[in-house]
Amino acid sequence: MTANNLQRLTELRAKIDAVDESVHNLLMQRASVIDELIKVKGAATQKGAAFHPGREASMMVQFAKRHAGSLPLEMIIHIWRDIISTFTFLQANYTVHLSNVGDTNLLRDMARFQFGFTVPFENHATAKEALNVMAETGNALAVIALNGEKCWWQYLGGENGLGLMARLPVLVESKLPSVDAFVVAPPTSESIPFDWRTYAGHVSSADALKDWTGGKVIAIDTDEQGKHQALIAIADGGTAPKSMLDIRAVGGYFDQVESAA
């Protein structure tokens, strides 16, 4: 290696050190803004007040649109998901609840991609148990695999007010292993402009909604009493199926992020 190359390497490493220092300083500055935010809005005392899925989804879309270069988009999304989740935790401590049904290792990996390593996780034997515990604690979330347990969405809505907040994985067309799952949240303090609003109810048969065109069917499964429990999603302009009984709103989710072409 020539003397010129050694000099250039020294310059580049110094530049990397300067960038690292700037990133660290900006994160500490962001933390100070969050401290002030907590004082202004009192988020730590308001049930569900720290969760802002619409703002988070918009940020992920913007990252994907402007991203360029050799750095994998998965890393960028993961870093910012960790940052967002950690600063949300600083506003109001919360726990993510998981169900020990299905591919639990994959579900936990995907949940860690979404929420990072600062937020504590708690495992439960069933989705029902996970949802009951999070409903009691207030500032909590749950990550439930769509096909991990039969008809778990029947426990959403109603008196507990629990509803879907996001659909995972946050980044589609990724090389990372994933499973179709949802983030469940307590009632939030503000209206959320979901791309897809979700509804639960029951139908007469597994193919009762095959001709329905007002939205999309997420799942239909049979519960312990033999009823066909349905979970559907409706976008703006869509219509609910007339054949769905005891229909109730159970939150919603935003379109998942796609890599820029």
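1. Helix α3 (residues 73-91) is the top contributor to the lining of the second largest cavity, giving 4 residues. Helices here are DSSP runs of H or I with at least four residues, strands are E runs of at least two, and both are numbered from the N terminus. This is a predicted model, where local features need pLDDT of at least 70, side-chain atom pairs count only at pLDDT 80 or more, and totals for chains, interfaces and linings use all residues. Residues are numbered from 1 along each chain as its sequence is written, and side-chain values use heavy atoms, without hydrogens and water.

2. The volume of this second largest cavity is about 50 Å³. A cavity is a set of points on a 1 Å grid over the protein atoms alone where a 1.4 Å probe fits but cannot get out; lining residues have an atom within 4 Å of a point. Volume is the space filled by probe spheres set on the points, with grid points joined across faces, edges and corners.

3. Its lining includes F51, E56, R81, I84 and Y94. By class, the lining has 6 nonpolar, 2 polar and 2 charged residues. Nonpolar covers Ala, Val, Leu, Ile, Met, Phe, Trp, Tyr, Cys and Pro; charged covers Asp, Glu, Lys and Arg; the others, Gly among them, are polar.

4. The whole structure holds 3 cavities of 30 Å³ or more.

5. The largest share, 5 residues, is from α2. The lining splits into 11 nonpolar, 2 polar and 4 charged residues.

Key
1 Å grid on protein atoms, 1.4 Å probe; cavity = no way out; pocket = protein on both sides within 12 Å on 5 of 7 lines; lining within 4 Å.
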